[in-house]
2 protein chains.
Amino acid sequence: MGEQPKGIKKSKTGRKASDVKADLIAVVAAVNNSGPCVLTVEQEAALPSGPFELAHRSLQSGLRDWVEQQTGHSLGYIEQLYTFADRDRIGAERVISISYLALTREEEVTGATRRCWGSWYDYFPWEDHRSGTPPIIREVLRPRLMEWADGAADTATRLERQRRAAVAFGLDERAWNEELALQRYELLFEAGIVEEATRDRRSTELASVPGRPMVADHRRILATGIARLRSKIKYRPVVFELMPPVFTLLQLQRTVEALAGRLINKPNFRRLIEQQELVEETGETSVDTGGRPAKLYRFRHAVLNEGAMAGTKLPLARP
Amino acid sequence: MGEQPKGIKKSKTGRKASDVKADLIAVVAAVNNSGPCVLTVEQEAALPSGPFELAHRSLQSGLRDWVEQQTGHSLGYIEQLYTFADRDRIGAERVISISYLALTREEEVTGATRRCWGSWYDYFPWEDHRSGTPPIIREVLRPRLMEWADGAADTATRLERQRRAAVAFGLDERAWNEELALQRYELLFEAGIVEEATRDRRSTELASVPGRPMVADHRRILATGIARLRSKIKYRPVVFELMPPVFTLLQLQRTVEALAGRLINKPNFRRLIEQQELVEETGETSVDTGGRPAKLYRFRHAVLNEGAMAGTKLPLARP
DNA sequence: CCGCTTATTTTCAGCCTGAGTACAAGCGGA
DNA sequence: TCCGCTTGTACTCAGGCTGAAAATAAGCGG
């Protein structure tokens, strides 16, 4: 469409390529006694972020700098989440947001800097199924989603909306899928059921919207991080980034459950962990928390070197 | 480190955030009779790419525009791969590259524009295991990698390098893992065994380097795309983006084999496809290609709506 | 020693997977 | 025509993994 620059190579087209600003933004996750949480700023309403600057050696190091400056926390494990544009399309200059997921232990409360952890399930109350399906789904979300579906122009769209809602939220006998966290938030946004979708507009009739909102699209980015993490713990040993150096198997299980937002069968969890040889005994046992003392384990860092990529879904032939 | 801007929010720090240029770059994959291939420009030495400009409505639409202008091909399925910086660090201005994976059918040879498909396995001759392990691994890569390992400063590093090479390339009785395409390229780069690693430098003794090189880091991005696709076909029905509207099960199998670079057990492949109800019969049979006529199938687009997210690795408890 | 709590091990049936074998259907040449 | 070749399709079977539940072990307090 439009001109046809023959010079193929980028930035040699003769056009003046428009410069953009690049923002780095972090979802820093941890798990403590009260559950999974995320590192925030501005009264838990924003994720730590800042512009990518000349001084930064790389995108990741820029991110580390910003998070450290804003929260006093230094990051360990980092992985890229997604790169967005088309936000804040104010004026001529555009902003690109490069988002990251970081995992950390919440410890190190040494810093003098303010550090604010927000609970995942304050932002997404419908995501915690550890004590069964949260009432908010049946009592608030389901009716609202049905309203939204009914507001569709034609029948096809209405059925389509109902189906999407049912799949995302496990309605109508469908199974809950904890990995769909992002799709759920986006659906609620589209349906105008989260505050971010309606603010900056004439506030419609929608009164109580579930879940604590965040600045700009930060809650969406958080949902992206949660979805990614929930999916990743299933095929890579990343949970250990969130664990103290020594832990019991039940602690490990509780951490995974906190992230996944659902419960796990205890013997099966142990079997899985042990058969993959992810941990080794320290030889010591925990200072009893009530019943029989539990063995303490540590992560076998060696597994990271074992090309322990599991998981195939295709019937590949053996050599 | 350094200053401690108290104003938390991005772009309010008082610092002048440096602008950057954003490049969009595409790995456009297709499969034809001769195997899996990628859309290229500049004599198959570069991927289509171009700067993100003001005129573009979004990152994706910018990418579509560039690919269409440079190759005459319009894209269907697109997903983001990765965002890099720290390349082309010439002068003060920095470039961010946002890479995408696109899937397409090679058809539509209508365009007057030049369109150039490069075969995956010309760039990565060691990745095609459909006829057994390629000789290049034993005859060229293995010796070179061992040389590289032996060049290590200390024994620990040497063993580490040997292990990494063995895991990546399935040496020493280890199983080949087709999903490690990116790690393999990066390992070869680190070992100086691909041309990109040694060019622009005093050419060392390394003479024949395996695989056709590409401009800048395009071959690395291609490897990223291949790895992503090889992994994704295992849990999402994306293969169909590469298939004609109607096909036989063997054609489908051959396509998957081409992508994965390895063979699949025929009855098991059929069973998997059918039990997931990914396809439906058209009622017709193929114009015989030698043996018994094969039933023709088409993709059941409905599955995309069925929340067909498979795959869990955690023993989650049923409600 | 009993009852309570939590930890750890075993067992078992069902499903999925890799692998092999058998059978069906069209074609071409002897 | 029959045979052999090729490709497509169906069936079988053993092993491994998974979800679920039951059984056993170890500490604590009365």
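Me: At what angle do α8 and α9 of chain B pack, and how far apart are their axes?
Reply: In this predicted model, helix α8 (residues 249-260) and helix α9 (residues 266-275) of chain B pack at an angle of about 100°, and their axes are 11 Å apart. Angles of 65 to 115 degrees count as roughly perpendicular, so α8(B) is roughly perpendicular to α9(B).

Me: Which residues make the contact?
Reply: From α8(B) the contact draws on B:Leu249, B:Leu250, B:Leu252, B:Gln253 and B:Val256. From α9(B) it draws on B:Lys266, B:Phe269, B:Arg270, B:Ile273 and B:Glu274.

Me: And by class, how many are nonpolar, polar or charged?
Reply: The contact has six nonpolar residues, one polar residue and three charged residues.

Me: Turning to aromatics, how many pairs are there over all chains?
Reply: The count comes to 14 aromatic pairs. One of them joins A:Phe124 and A:Tyr185, with ring centres 6.0 Å apart and planes at 90°. Planes over 60 degrees apart count as edge-to-face, so this pair is edge-to-face.

Me: Where do those two residues lie in chain A?
Reply: A:Phe124 lies in the loop between α2 (120-123) and α3 (135-150), whereas A:Tyr185 belongs to helix α5 (residues 181-190). The pair therefore ties together parts that are 61 residues apart in sequence.

Me: Are they buried or exposed?
Reply: A:Phe124 and A:Tyr185 are both buried. They also belong to one aromatic cluster with A:Trp126 and A:Phe189.

Me: What about A:Phe240 and A:Phe299: what is their geometry?
Reply: That aromatic pair is stacked, at 4.1 Å centre to centre and with 15° between the planes. A:Phe240 is in the loop between α7 (218-232) and α8 (249-260) of chain A, and A:Phe299 is in strand β8 (residues 295-299) of chain A, so the pair links parts that are 59 residues apart in sequence. Both A:Phe240 and A:Phe299 are buried.

Me: Over which ring does the charged end of B:Arg184 sit?
Reply: The charged end of B:Arg184 sits over the ring of B:Trp176, at 3.8 Å from the ring centre.

Me: Now backbone angles. What is the phi of A:Asp172?
Reply: A:Asp172 has a positive phi of about 50°, although it is not a glycine. Most residues other than glycine have a negative phi. A:Asp172 lies in the loop between α4 (155-169) and α5 of chain A, and its relative accessibility of 47% makes it partly exposed.

Me: And B:Glu42, what is its phi?
Reply: B:Glu42 also has a positive phi, of about 55°, and is not a glycine. Its place is in the loop between β2 (35-40) and β3 (49-51) of chain B. B:Glu42 counts as partly exposed, at 30% relative accessibility.

Me: How far is B:Val95 from B:Val20, in sequence and in space?
Reply: B:Val95 and B:Val20 are 75 residues apart in sequence and 5.8 Å apart in space, C-alpha to C-alpha. B:Val95 is part of strand β5 (residues 94-103) of chain B. Buried means under 20% relative accessible area, and B:Val95 has 18%, so it is buried.

Me: Last topic: how many helices and strands does chain A have?
Reply: Chain A has nine helices and eight strands. Of its 319 residues, 50% are buried. Among contacts in chain A between residues at least 6 apart in sequence, 59% join residues at least 24 apart.

Methods:
Residues numbered from 1 in each chain as written. Chains lettered and ligands numbered in written order. Predicted model: local features only at pLDDT ≥ 70, side-chain atom pairs only at ≥ 80, totals over all residues. Heavy atoms only, no water. Phe/Tyr/Trp six-rings, centres within 6.5 Å; stacked < 30°, edge-to-face > 60°. Helix = DSSP H or I, 4+ residues; strand = E, 2+ residues; numbered from the N terminus. Buried < 20%, exposed > 50% of the residue type's maximum accessible area, 1.4 Å probe, protein only. Lys NZ or Arg CZ within 6 Å of the ring centre and 35° of its normal. Axes fitted to C-alpha atoms, helices over the stretch in contact; angles between N-to-C directions. Parallel < 35°, antiparallel > 145°, perpendicular 65-115°, else oblique. Contact = heavy atoms within 4.5 Å. Nonpolar A, V, L, I, M, F, W, Y, C, P; charged D, E, K, R; others polar.
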